[in-house]
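Take a moment to look at the structure before reading on.

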Amino acid sequence: MVETTIEKETEESLSCFHCGQPVRDSHLMLDNRLFCCRGCQTVYQILNDNNLCDYYQYEQHPGLTQDKVEGDFTFLDEPSIKNKILIFESADYAKAEFYVPAIHCISCLWLLENIQKICSGVIKSEVNFSAKRVTISYHPLQVNLSAIANAMQTIGYPPQINLDTQPNKVTFNKSLIAKIAIAGFAFGNIMLLSFPEYLGMENNGGELNRLFSYLILALSIPVTFYSGNDYFINAWKSFKQKQLNIDVPIAIGLAALFLRSSYDIITHNGPGYMDSLSGLVFFLLIGRWFQDKTFESLAFDRDYQSYFPLSVQKRIAESYKAVLVLDLEPKDIIQIRNMEVVPTDAELLSEEAFIDFSFVTGEARPSKVKRGEIIFAGGRLLGIPVLLEVIKKTSQSHLTSLWNNEAFQKPKESKYKKIIDYAAQRFTWAVLLLTIATGIFWYQHDREQMWLVITSVLMVACPCALALAAPFTYGNMMRKLGHFGFYLKNADVIERLAKADTIIFDKTGTITFGNAHITWKGFAEENELKNVQAITASSTHPLSVLLAKSLQSDSSITIEKIVEKPGKGIEAYVDGVLYQIGSANFVSANKPNQQQASYVFISINNEVRGYFEITTFIRPGLQQLINKLKNFTLGLLSGDNESDLKRMQTFFGKDAKMRFNQSPHDKLAYIQTLQNQHKTVVMLGDGLNDSGALKQSDIGIAVTDDTGVFTPACDGILQGDKLQYLDKIILLAKKSTRILKVAFAISFFYNIIALSFAVSGLLTPLVAAILMPISSVSVVGFATLAVNITSNKILKETL
């Protein structure tokens, strides 16, 4: 490259190639392009050295889409575009979601979920197979969005960017339809031109047969290199990354058939196998299209996340009413209470708020947000209630995906995931080795049949059914469990729940429920009790909720500061006055002599004013549930006093292990003790004072009557009025595991039987191409049908 200084010789207006500003007096030239200064020239040179000069196409044509500017994703770093793709962004953590239409097999999952190995700065990647969506968490200071997209393209999975469509809308694949059409047209004509061969007349046609052979070869070229090009491209990119995907054996089979047939036709050694080749590509593409459509139709039905009934307080007129998140629209005003989750991106209307983004980042580090700033969906409020204005409609599936943050996962790995990961890494190599051995055998026995046999082996083997069995079985079961008011974090919970042998219950808010008899014993002014109501209304603890409902409210009260201490109580300031609400120890009060209920003490400016005596009611159907769980080890943990011991013994029996006056740490330690005894523990609690125990347990279930509140530490959320169906829920978990084992067996025996036929030469490539997608669809169909029949039967008997 030559750098030249050019003096101005003409009055003609010139502009800088980089910034577009007029060039005055003198300017610089590089690669026959004009620049106004060395800064612009340097930026251009950096872009040019890194093959990023398509940047200038976006400057001239900002409306270009990925289809028009293929291979360059620098536009994703533009703030206005990036904000439409990002799910969350902070100074050191960001998350984005891409639609990747190239996802189609088990190896795709493995490659994409290990993209951090080739793209520094990526934290993790999660793939939704049926929706063909990839969610990527990354460090924005180490890598930008365009680099991630380019890395995905490098391994053969470029994201499709369409900012005008809904986030979860799967776009119509015109390219696949075009390839199917061309392959089908060529297949039909090649068969027509092959009729002399089919009728045994190949030696009678002379020059006409030779012409037909050349026409067949010409028709096979677009079939191989256009209709089948995705297989070759993906295989080549997987080789470059030193990984193998399921497209590798298919690409080898297609290449073998095309090269051998071309050689036979050109050298006049025979008619070749172009009819098999074109039919093979046609049926492979038809199978892929059919498989995609099947998964799309089932994906909506099995998207359990859309059934998760998260609610929020929305301002209607002068009051607040609980509404579902899906009903929120931009400009709506919502109120978020202490420990509640912000359900959608919103602007803060209150002066300030402290937000815990552990749902998103996995780190419980509060962030201070000021009026007018944006709070991303998934943040949890710490402190006084705040008002927010909705700026973006969100899906509940986004919130439940945040619930699955790695920080809240159980350390035990799913054994079924281990099976699938092993298959993803080993299956393709096994198929290639089997193909080589088959080729050697048939080369010695029948060379003419060798090419068709090895192609059949390469085509018919497919581990996709194995990969699809677990997500479709458990995914469909999660949707069915929603009918029992039970909502799960992920499929692994079902697997662990099926192995449970110990069930531990919390008392307040779990066994007891909202109806209660409340008596105030003490002295306080009317306005002070109104302040108590305002403070308890800001809390989500079951006893706080009961108190708030029983006291007179005053919407004009402003809480200046509030701190909620799990297992102890609440401290808050109203008009400079300190209020302490909680246990006797928390406010330094003496306990009543006759403890026959739950007690909430009130202290104002360090003066104990009295207490509320709360007698709660047991949830209906508890006795019947306990009787049905007699094969499990049962226990009770409670932070309350032993006033309810006799009542609890009437339900659980005198032999049940019951512990009262338990702190959150005591509950966690007890769960650890059971696990050390090799117990698989289910813990049911309110998700507040026992969040540590829920996280420690093998299956932590938050029982709640308020679906606006739950903890990321739990594995599932059970509606309080559905607690009586816990035995049915565990039964469904056990049955779904049995269904999954049968689905695995179907997938395993399919590959064994199909490969046996292919190796023995009894399976043609065309039949193999048809069987490959049918195997996946049959496993998915069986899993879906079996889950529906089983769950509907139990549902009919129960509800």
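In what order do the six strands of the open sheet run? The order is β9-β8-β10-β16-β11-β14, and the pairing is antiparallel. Two strands pair if DSSP finds at least two bridges between them. Strands themselves are DSSP runs (E, at least two residues), just as helices are DSSP runs (H or I, at least four residues), and both are numbered from the N terminus. The edge strands are β9 (319-324) and β14 (374-375), and each pairs on one side only.

A word on the source. This is a predicted model, in which local features need pLDDT of at least 70, side-chain atom pairs count only at pLDDT 80 or more, and totals for chains, interfaces and linings use all residues. Residues are numbered from 1 along each chain as its sequence is written, and side-chain values use heavy atoms, with hydrogens and water left out.

Strand β10 (residues 333-336) meets strand β16 (residues 386-390) in the antiparallel sense, over four bridges. Pick out Q335: its bridge partner in β16 is L387.

Now turn to strand β7 (residues 133-138). Six of its six residues are buried, so β7 is largely enclosed by the rest of the structure. Buried means under 20% relative accessible area, exposed means over 50%, and partly exposed lies in between (1.4 Å probe, protein chains only). In a regular strand the side chains alternate between the two faces of the sheet. In β7, R133, T135 and S137 point one way. V134, I136 and Y138 point the other way, and all of these residues are buried.

Which partners does β7 have? One is β5, paired in the antiparallel sense over six bridges. Here A96 has I136 as its bridge partner in β7. Another is strand β6 (residues 122-128), also antiparallel to β7 over six bridges. Here E126 has T135 as its bridge partner.

Strand β5 covers residues 94-99, and Y99 lies in it. Y99 is buried, with a relative accessible area of 8%. Y99 and N128 are 29 residues apart in sequence, yet 9.6 Å apart in space, C-alpha to C-alpha.

Leaving out residues up to four places away in sequence, D727 touches L625, K628 and L629; contact means heavy atoms within 4.5 Å. D727 is buried yet has no salt bridge. A salt bridge is a side-chain nitrogen of Lys or Arg within 4 Å of a carboxyl oxygen of Asp or Glu. Lys and Arg count as positive and Asp and Glu as negative, while His and the chain ends are not counted.
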